[in-house]
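Dear colleague,

Please find the structure below, handed over for your records.

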Amino acid sequence: MDLRSWLHPMGLALTLAALKILESIGPLVAGRGSVAHDARNIALGLTAALARAAIFPALLLWVSAETAAHAWGLLHRFDLGTAMSLGLGIFILDGWAYLWHILSHKTPLLWRFHAVHHHDAEVDASTSLRFHAGDVLASAAATVAAVPIFGLGLEHILLYELLVMPLSMFHHANIRLPEPIDRALRAVIVTPRMHLVHHSRWQVETDSN
């Protein structure tokens, strides 16, 4: 097996371990993060990841190859350099994921799956792994659909996935940041304090943030 196939999972495991240490040192909400809680979330995450791995890579390879061969999609309409293409592709994928997330909250069928993520009463870094396999597969299908629409390549998807999962772990983490740092980071990325509102028990807050 290619060593590179282990690098992303190993990186995620190390990120999760580092965040769990920080959660124990300076929690945003005290009393969260038992071993049993984390184990349940990790088990759900692994189940969903296995279901995704059975379908997503092969489908993505085929769709991206067809997209490149036929020059389908938005990015193929412009003569962009590598850096510009990657930057715009990441921006497009993040916006696409945001729209899909809204649909996951507003569509009853999708919400049935996505609610598993929100039913975690003790939000912490492991919550970023807590997804129903149906939610993950539907999200993967939406990602594949974005490839021919926007003219994305494998490099866009791989770079985006390298960035999004560690960031997701961070903004779910039960970590208290100093207010000046939190305020500065909020201008660029989602912080734990900011994201905690999204996991409110009040549906109005959950759907608005």
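**Surface and fold**

The protein chain exposes about 12,000 Å², and 72% of this area is supplied by carbon and sulfur atoms; accessible areas come from the Shrake-Rupley method with a 1.4 Å probe, and for residues only the protein chains shown count as cover. This is a predicted model, in which local features need pLDDT of at least 70 and side-chain atom pairs count only at pLDDT 80 or more, while totals for chains, interfaces and linings use all residues. Residues are numbered from 1 along each chain as its sequence is written, and side-chain values use heavy atoms, leaving out hydrogens and water.

The protein chain contains nine helices and zero strands (DSSP runs numbered from the N terminus: helices are H or I with at least four residues, strands are E with at least two). Its radius of gyration, taken over C-alpha atoms, is 18 Å, close to the 17 Å that the globule rule gives for 209 residues, so the chain is as compact as a globular protein of that length. The rule is 2.2 Å times the number of residues to the power 0.38. Along the principal axes, the C-alpha atoms fill a box of roughly 55 × 40 × 35 Å.

Of the 209 residues, 36% are buried (under 20% relative accessible area; exposed is over 50%, and partly exposed lies in between, with a 1.4 Å probe and protein chains only). Phe91, in helix α3 (residues 82-106), is exposed, with a relative accessible area of 65%.

Yours sincerely
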